[in-house]
Amino acid sequence: MTEPLTLAEEIVLLALDDETGRPVGRGGMAPDRALAGALLMQLALAGRVDTDRDRLFVVDTSPLGDAALDTALARLGAPGAPADARGAIPLLARDAPSARAAILDRLVARGILRRVEDRVLWILPDRRHPKAPDRPEVTEARARLRTLLLEGEIPTPHDALLLGLARAAGLLPLIFSAEELDSVQPWLGVVTRIESLNRSLAVAVADLRGAGLGTSQRGD
């Protein structure tokens, strides 16, 4: 049985151009914060952290065997770590480059991505990660999000969080046409407000959109 992808793995896949394997989406801190949010929410789904309206608790320090998730879990359990989900995301975002590298390594090892290394002007390294054309994982997340919005389906907790993260990272225009985004706005608003796990994680996703990531009124 194929091992399901984590939220962080799916966000990394969605943020790679299908043809070139280069990053796409928003620049600045948006990709790092979205990845941090994905790691935090995956830890909640895995039962390693729990939250209420104001607090974040590490309830299980058992490693998951995933380098990015286990590093994030150790950060959250360290002395002086933020005590709420809002503070945890900036903390985890500091490690986003190394977390992304670990996730890319894992996806390459599983055969979902390829690694291509070139040189620009024979000097500067240019590393790309094209998607393997014969692996269903490379299109599965996009297909699920399209079905979720275009057909008005009720999301699983995983997909509700993935949609909020994709929206925060500016990835929706890469998944939907402008006309489609306009048509799904009412359902998009409902789905991204669903408290699939608990209220504080929903607040953390909203913070990703509103605090420094900047989204348009179409939710892209």
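## Helix α2

Helix α2 is followed by Gly-47, whose phi is positive, near 80 degrees. The model is predicted, so local features need pLDDT of at least 70 and side-chain atom pairs count only at pLDDT 80 or more, while totals for chains, interfaces and linings use all residues. Residues are numbered from 1 along each chain as its sequence is written, and side-chain values use heavy atoms, with hydrogens and water left out.

Helices are DSSP runs (H or I, at least four residues), numbered from the N terminus. Helix α2 covers residues 30-45, which makes 16 residues. From first C-alpha to last, α2 reaches 22 Å, close to the 22 Å expected at 1.5 Å a residue. That expected span is 1.5 Å times one less than the number of residues. Helix α2 is mostly covered, with 13 of its 16 residues buried. Buried means under 20% relative accessible area, exposed over 50%, and partly exposed in between (1.4 Å probe, protein chains only).

## Salt bridges

Side chains of opposite charge can pair when their charged atoms come close. A salt bridge here is a side-chain nitrogen of Lys or Arg within 4 Å of a carboxyl oxygen of Asp or Glu. The structure holds 15 salt bridges.

Several residues join in a network. Glu-3, Glu-9, Asp-66, Arg-106 and Arg-110 are linked by salt bridges in this way.

## From α2 to α5

Which residue forms a salt bridge with Asp-32? The partner is Arg-100, and the closest N and O atoms are 3.0 Å apart. This pair links distant parts of the chain. Asp-32 sits in helix α2 and Arg-100 in helix α5 (residues 96-109), 68 residues apart.

Asp-32 is buried, with a relative accessible area of 15%. Arg-100 is partly exposed, at 23%.

## Arg-144 and its partners

Arg-144 forms a salt bridge with Glu-10, the closest N and O atoms being 2.8 Å apart. Glu-10 lies in helix α1 (residues 7-14) and Arg-144 in helix α6 (residues 137-150), so the pair ties together parts that are 134 residues apart in sequence. Glu-10 counts as buried because its relative accessibility is 3%. Arg-144 counts as partly exposed, at 22%.

Arg-144 also forms a salt bridge with Glu-140. Here the closest N and O atoms are 3.8 Å apart. Both residues belong to helix α6. They are 4 residues apart, so about one helical turn separates them. Glu-140 is partly exposed, with a relative accessible area of 40%.

Key
Helices (H or I, at least four residues) and strands (E, at least two) are DSSP runs, numbered from the N terminus.
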